[in-house]
Amino acid sequence: MLNRTPLYAAHQKLGAKLIDFGGWEMPVQYTSITDEHLAVRNAAGIFDISHMGEVTVNGPGAEAFLNSVLTNDIRKLPTGGGQYTLMCNERGGVVDDLYAYRLSVGVYFLIINASRIEADVAWLKAQAAKFKGAEVSLTDASHHYAAVAVQGPRVQEFIDAVIPGASGSVFPVAAVTALKKNQIAGFKFEDHTVFVARTGYSGEDGFEIVGPDISIQRIWDKVLELGKPFGAKPAGLGARDTLRTEVCYPLYGHELDENTTPIEAGVGFFVALDKGEFNGRSVLAEQKANGVKKKLVAFKMTDKSAPPRPHYPIWVNGASVGEVVSGTQSPSLNLGIGMGYVPPASAAPDTKIEIEIRGKRYAAVVVKKPIYKKA
Amino acid sequence: MSNVPSDLKYAKSHEWIRVSGDTATVGITDHAQAELTDIVFVELPATGRKVKAGEACAVVESVKTASDIYSPVSGEITEVNTAVVDNPALVNSAPDTGGWFYKIKLSNAAELGALLSPEDYKKQIGG
C-alpha cells in the first residue's frame with residue numbers, strides 16, 4: 001500500500017494522474033506537464049510536497065553537530081535563515097541534499113527528500129551517537145507535517161491574501177511577501193502555525209509552506225481559489241521535474257547518490273571547506289585541489305531527436321564516456337535538454353557531444369548552467 | 001470520455017486499425033493520446049519493413065516517457081505519415097484522422113479477427 005498525502009482527495013477531485021513516487025501515491029500531472037510547467041514559468045502553480053521529510057535538531061550541541069555532518073557552514077544562518085546544504089558520507093558521497101533552517105538558537109529544521117527519510121534519519125542518529133560535543137536531540141517529524149510549494153512570478157500578488165498578516169514566530173516580518181529569499185517565519189493560519197519559507201525548486205520566485213494537515217489542505221484550496229485570477233494551477237511531479245531540470249537543480253537518485261560527491265555534481269559552492277572538520281571533508285578538499293574524474297554537465301540537443309532520458313550513453317569523439325542522469329523535452333525552450341556525467345576534459349561549455357538514443361547517436365552541445373534563464 | 005470511432009478495430013495495446021481492401025492504416029487511440037498527453041516526438045518504421053503482429057515498430061514520446069507502439073497486424077509497411085514526425089502534437093489533436101502512423105499491406109487478414117470491436121475496446125478502457 002502506497003503512502004498518501006493529506007491532499008490525496010484533492011488530487012482525485014482534480015482528476016490527477018497518480019503514480020508511485022518513492023512509495024508515495026503522487027500526482028504526476030493534472031492536465032498536461034507542459035501546461036503546468038508554463039503556468040509556473042509565467043504565472044503560478046501549487047505542488048503537493050507533503051511526501052518530503054522534516055527533521056528537527058535541537059539542543060546546545062545542535063549547531064556544532066550539524067556543522068560536522070553537513071557541507072555548508074550552518075554558523076552563517078541567523079534565526080529565520082535557510083541554506084541549501086548536503087550531507088556526505090566519509091567518502092564524500094552524498095547521503096542527501098537538503099534545506100536547513102534555523103528557527104531559534106539551538107533549534108534547526110531540516111527538509112529532506114522523501115526517498116531518503118529512512119536513510120537520512122538512520123545516518124543522522126548514527127552520527128549523533130558518535131558526536132562528542134554538547135547534547136543534541138533529533139526528531140523525525142515527517143509524519144507531523146504536510147507541505148505545499150507555491151511557485152511562479154505572480155505568486156507574490158496573492159499569497160498575502162492566502163496567509164494574511166504578520167509573522168508570529170521565528171522571525172518578524174510584516175507579511176509573507178516581506179520574506180527575503182531563503183528566509184523562514186512562522187505564521188498563524190486559522191488555528192495553527194505554519195512555516196513559510198521563500199524557497200523552491202522551480203527557478204521561479206515562490207514559497208514553501210509546511211504545517212499540520214488541516215492547514216495545508218485549507219491553504220491548497222485557498223491558493224487555487226484566490227490564485228485563479230492570476231493564473232494559478234495545480235502542478236504535478238512531471239512539471240516539477242521539467243522545471244528543475246531546466247534550471248539544473250539536482251535531484252537525489254539522478255545527479256546525486258552515495259558514490260557521487262558535491263564537487264563532481266557541481267555544487268561545490270555549498271561545501272564550506274574552511275569551516276573545520278566535517279564528514280567527507282578530506283575527499284572533497286582533495287577533489288577541489290586536484291580535480292575530479294567525472295563532472296556533471298548540462299546539455300542541449302542540436303540534432304532533431306527524441307528527448308534524452310536517464311541512462312542514455314554520452315559519446316565524445318567516437319567513445320562512450322558517460323551517461324545522462326536527467327533528460328526531457330524542455331517545455332520552455334521546446335527542445336531536448338538534460339544533464340549527465342562526463343570526464344572533465346569534455347565538460348567545458350560548447351563541447352560537442354552525442355547522445356545515444358535507441359542505438360543511434362544524435363548531436364548535442366554542453367551548455368553553461370542553468371540551461372534556462374529568464375529573459 | 002474518449003472517442004472510439006465505430007468504423008475501426010482496436011488492439012488491447014491501444015492502437016487502432018482502419019482496413020481498406022488488403023491494406024490498413026494504423027494509429028494510436030484517442031484514449032492513448034489522452035493518457036500520454038504532450039506528445040513531443042514520434043519515430044516511425046521504415047517503408048518496406050516487414051513487421052509481425054504484436055511487434056514494436058514505432059515509438060511515441062511524451063514529455064515524461066517513451067512508449068512503444070505495437071503493430072496490430074503482420075505485413076509490410078507501405079507508407080508512413082511524415083506529418084506526425086514534423087508535428088507530433090497532431091497525434092494529440094487528431095489521433096484517429098490526421099495523426100495516423102503508417103499504412104501496412106496485410107500478410108494475414110485472418111489476424112483481424114483477433115482484434116477488438118469498438119464496443120469491446122470501450123469496455124477495456126472503462127468508457
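Among contacts in chain A with a separation of 6 or more, 64% join residues 24 or more positions apart. Two residues are in contact if their C-beta atoms, placed from the backbone, lie within 7 Å. This is a predicted model: local features need pLDDT of at least 70, side-chain atom pairs count only at pLDDT 80 or more, and totals for chains, interfaces and linings use all residues. Residues are numbered from 1 along each chain as its sequence is written, while chains are lettered from A and ligands numbered from 1 in the order in which they are written.

Start with the overall form of chain A. Its radius of gyration is 21 Å, which agrees with the value near 21 Å for a compact globule of 375 residues. That radius is taken over C-alpha atoms, and the globule rule is 2.2 Å times the number of residues to the power 0.38. Along the principal axes, the C-alpha atoms fill a box of roughly 65 × 55 × 40 Å. Chain A has eight helices and 19 strands. These are DSSP runs numbered from the N terminus: helices are H or I with at least four residues, strands E with at least two. Buried residues make up 49% of the 375. A residue is buried if 20 or more other C-beta atoms lie within 10 Å of its own.

Now turn to helix 7 of chain A. Ten of its ten residues are buried, so the helix is largely enclosed by the rest of the structure. Charged names are on the list too: Arg240(A), Asp241(A), Arg244(A) and Glu246(A) are among the buried residues. The buried residues of helix 7 pack against strands 1, 2, 3, 16 and 17 and helix 2 of chain A. After the helix comes Cys248(A), with a positive phi near 65 degrees.

Next, the contact between the chains. Chain A gives 13 residues and chain B ten. On the chain A side, strand 2 (24-29), helix 2 (33-42), helix 7 (237-246) and strand 16 (319-330) each supply at least two residues. That side divides into five nonpolar, seven polar and one charged. Ala, Val, Leu, Ile, Met, Phe, Trp, Tyr, Cys and Pro count as nonpolar, Asp, Glu, Lys and Arg as charged, and the others, Gly among them, as polar.

Chain B has an open, antiparallel sheet of three strands in the order 4-6-7. Strands pair if DSSP finds at least two bridges between them. Strand 4 (39-43) and strand 7 (66-70) are the edges, each pairing on one side only. Five bridges join strand 6 (residues 56-62) to strand 7.

Notes
Buried ≥ 20, exposed ≤ 12 C-beta atoms within 10 Å, placed from the backbone.
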